[in-house]
Amino acid sequence: MFYRRSLAKEYFGTDDPVKIQELVTGMDKFEAAAKVVKEKSKGNTYMIGSTGDFANLFFANRKTPWVVDDKLVIDPMVDQLFETAKSFRQNGYEAQANQWQEGWFAGMNDSLVDAKGNQKQVFSYLLPTWGLPYVLMPNAAPKEVKEEGSEKSKTVGKDTAGDWACINGPMPYQWGGTWIGAMKDAKELDLAKEFVKFTTLNADTLKAWALGTYTNEYLRKIDPSIGDKLAQGPGDFICSQKVVEEITSKFDDAATSKFLAGQNSYKGFAAAAPTIDLKLIQASDDAIQRSLNDPLNNYASNKQTKEEAVQQFKDAVKSALPDIIVE
Amino acid sequence: MTPKTSGRKSTGRINKNFYGYLFTAPFIIGFLLFSLYPLIYTFYLSITNMTLMSRSYEVIGLENFTKLFSDKYFYQALGNTWKLWLLNFIPQIGIAMLLAVWFTNNRLKIKFTGVWRAVFYLPNLLMPATIAVMFFSFFSLYGPVNQFTVRAGIINDAIDFFRSNGWAQTILVFVQWWMWFGSTLIILMAGMTSISPTYYEAAMVDGASAWNMFTRITLPLLKPVLVYTMVTSLVGGMQMFDIPYMLTDGRGSPNGSIMTMNVLMYMKFASNKGHIGAASSVGVMIFIITCIAALLVIKALSEREHKPGKRAVKVFAKGDLKA
């Protein structure tokens, strides 16, 4: 979880990651903190940008996978997600934006303005390791926009870099990542194996990947035909505990740490990584979780009862995944 | 029309036939390869359980269809497709007809019709993806439409357009109309300008009103063009995909309100394993429904031709159109 230090000071009197973590450990406390944020900001700061932000937390803490013996199983966590989403929407704790859309990004550089012209702010974003270098950092800077009908351009939003902090958040969770696999009957299976080893287990590759060795110039020397923006910047979290431990200190002065006001996020990720459980992951997760979007929204906005929402969810799963039995 | 002499006919017949086959070959080959074969193959796929993720598959009979018929979203998608098509086609043909009459009218003498026609046609040249993204930004909760209307005092609170079924459908229908009425306009104008002005001159001499001329001359002689417009629009409408797919989350959100049959087909294909068989069964249903509907349209619009008097005008007009 990433939160705004300046806002934390304003509403909680401290921006210390340890103290803020205490305030948001568990969904109940997170909700209570959301109430404080709303009251102290007079409704001008939202705890989060969208209810979609915390959906992955609930998904990651289920006891059972979505599909057992080809049957759809709805874990109790889903019920909790429904209730939390409803509470956040009805109480105005979320900006009602959609993830990956303008309003959601606008909270990152303080350019969120509601229809009446009021400036709104977002206190926190629940993002995983890759959210820092790929989502938060690129969008925390002011954006330049051309003024209508003239060549003049104005900047929207402000630079919020250095005003962020990183903590574990309400619950441990993961949100995807990059996975490499080979087909069972692949022709060049040995070669594929070597490639998987090279990309995921080779310490040198992992170091180069995480530390930003693969600049455009570096890659261009290997293949001059690549595009001039293709590069791998530093900060991505990698899969080997050994390598992570080895390179953590290198991020003390990195851009990611400056962004977090000196906090080394890598250290935090390294500590949180062992608590991540991947046992529940199945191929159908994405389609099932997407099917939950509409029912969840309807229930949160009081457009449907829970029975109706759950029924709609089941119908949607049935439609999207013809070979899963839905009871 | 030049009279043909019988002598020419017999000497040229063999050669002409040969060239005929030769010249139609590219189309026939293309049709067989890229239309007929995929069509038959889709029918075959729809009775299998083929997925993208496994090499082996079995013929499972009509199981895909039984599942499809018990799928609530299929009926919703079917209803949506018709509703969305009709809601955009009726104003589309209506407004295109009105504009076409104005633009081709000799008495009104509207200036710069070419420019207007190009302006109205322009949205059709834009990429559907661009249009969908543009409208999504316009109408998003924090977007310009809300900002403008609230600040101008037209509405009190921002409307969450894309979380409301009715609004999402309205926006989609508007986009489809806006993209396609220019194209219909051009076809109708082409049809109208090819109607010989002598009819109108004669009617004017007889003192016919503009409405009479429209209903008694323009509409009957425009019928072949209308049939064409309607059938192509129907086929296109049944296959509506890009705008509804891109406008929201690719699942016809909110609540499947803009889920068309093609979006449903793609959803079945794009879910975890890539259910080619299940997706094909939707494709087959789209094909059957489109065929029946298109045949009904053609039949309904050509039935009145049996009246002998009108038919004579009709045949003459058809010849005129080609000339």
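Predicted model: local features only at pLDDT ≥ 70, side-chain atom pairs only at ≥ 80, totals over all residues.
Residues are numbered from 1 along each chain as its sequence is written, chains are lettered from A and ligands numbered from 1 in the order in which they are written, and side-chain values use heavy atoms, with hydrogens and water left out.

**Rings**

I counted 50 aromatic pairs over all chains, taking rings of Phe, Tyr and Trp (its six-membered ring) as paired if their centres lie within 6.5 Å, and calling planes under 30 degrees apart stacked, over 60 edge-to-face and the rest tilted. F59(A) and W66(A) make an edge-to-face pair, 5.8 Å centre to centre with 65° between the planes. In chain B, the planes of W85(B) and F89(B) meet at 20° and the ring centres are 5.0 Å apart, so this pair is stacked. Both belong to helix α3 (residues 72-104) of chain B, and because they are four residues apart, about one helical turn separates them; helices here are DSSP runs (H or I, at least four residues), as strands are (E, at least two), numbered from the N terminus. W85(B) is buried at a relative accessible area of 4%, and F89(B) is buried at 5%.

**Helix α2 of chain A**

I then looked at α2 (residues 17-24) of chain A, where P17(A), I20(A), Q21(A) and V24(A) are buried. Seen down the axis of α2(A), these buried residues fall within an arc of 105°, so they line one face of the helix; the arc is that of the directions from the helix axis to the C-beta atoms. V18(A) and E22(A) are exposed, on the face turned away from the buried side. After α2(A) comes G26(A), with a positive phi near 90°.

**Around F30(A)**

Which residues touch F30(A), leaving aside its neighbours within four places in sequence? Among them are L23(A), V24(A), M47(A), F54(A) and P170(A), with contact meaning heavy atoms within 4.5 Å.

Technical notes: Buried < 20%, exposed > 50% of the residue type's maximum accessible area, 1.4 Å probe, protein only.
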